[in-house]
Amino acid sequence: MDAERLRAFLLTLPHTVETMQWGANLVFWVGDKAVGGKMFALINLADPPHPESGAARQHPLISYAAGPARYPELLELDALIPAPYFARAHWVAAIRWDAFPAADWRRELTAAHALTLAKMPKKVVATLALPVAKQRVLIAARRKLLAAKAKP
């Protein structure tokens, strides 16, 4: 598995939105963040640090929501570590693409998506249930409001 194949798969999941944030990170959301969407996966596109620094061994390639039930079990695998900055929310990070076969990657990321969707507030779920055209209008209005609030 690799970043491009996982990205293509993630974008097939319902209500998935992709952003580029925090440098070279593709962040995947259930719903647009302007209307309360929540992150469920992050692919780190940055080059790993130089091997001599020792940090390259723990360079996360992808992080995702595992949930409290799966979190301890997944951390027993050699290729998974607690996700930097997100471990307290029961996220894991893979340091090698071969952590899972392709089918298992799809299963893990589908579960992360479902877990995140299940935690969404009812108002956001109702927004996601609207027709796409109405969602776009709401998202545009919310972004305009957020931009106006951000101006001094």
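Asp 98 is exposed, with a relative accessible area of 55%, where exposed stands for over 50% relative accessible area, buried for under 20% and partly exposed for what lies in between (1.4 Å probe, protein chains only). Its salt-bridge partner is Arg 96, with the closest N and O atoms 2.8 Å apart, and Arg 96 is itself partly exposed at 37% relative accessibility. A salt bridge is counted here when a side-chain nitrogen of Lys or Arg lies within 4 Å of a carboxyl oxygen of Asp or Glu. The model is a predicted one, in which local features need pLDDT of at least 70 and side-chain atom pairs count only at pLDDT 80 or more, while totals for chains, interfaces and linings use all residues. Residues are numbered from 1 along each chain as its sequence is written, and side-chain values use heavy atoms, with hydrogens and water left out.

By the salt-bridge rule the count comes to 8. One of them joins Asp 2 to Arg 5 at 3.6 Å, N to O, and Asp 2 is partly exposed with a relative accessible area of 28%. Another joins Arg 107 to Asp 104 at 3.0 Å; both residues lie in helix H3 (residues 102–118), 3 residues apart, about one turn of the helix. Helices (H or I, at least four residues) and strands (E, at least two) are DSSP runs, numbered from the N terminus. An α-helix has 3.6 residues a turn, so residues three or four places apart point the same way. Arg 107 is partly exposed at 46%, as is Asp 104 at 25%, and the two belong to a network of salt bridges that also links Arg 70, Glu 73 and Glu 108.

Helix H2 (residues 67–75) has Gly 67, Tyr 71 and Leu 74 as its buried residues. Seen down the axis of H2, these fall within an arc of 85°, so they line one face of the helix, the arc being that of the directions from the helix axis to the C-beta atoms. They pack against H3 and against strands S4 (62–65), S5 (80–82) and S6 (91–94), with contact taken as heavy atoms within 4.5 Å.

Strand S6 is joined to S4 by 4 bridges, the two running antiparallel, and to S5 by 3 bridges, again antiparallel; strands pair if DSSP finds at least two bridges between them. Val 92 in S6 is the bridge partner of Tyr 64 and also stands opposite Pro 82. From S6, Trp 91 and Ala 93 point one way and Val 92 and Ala 94 the other way, and all are buried.
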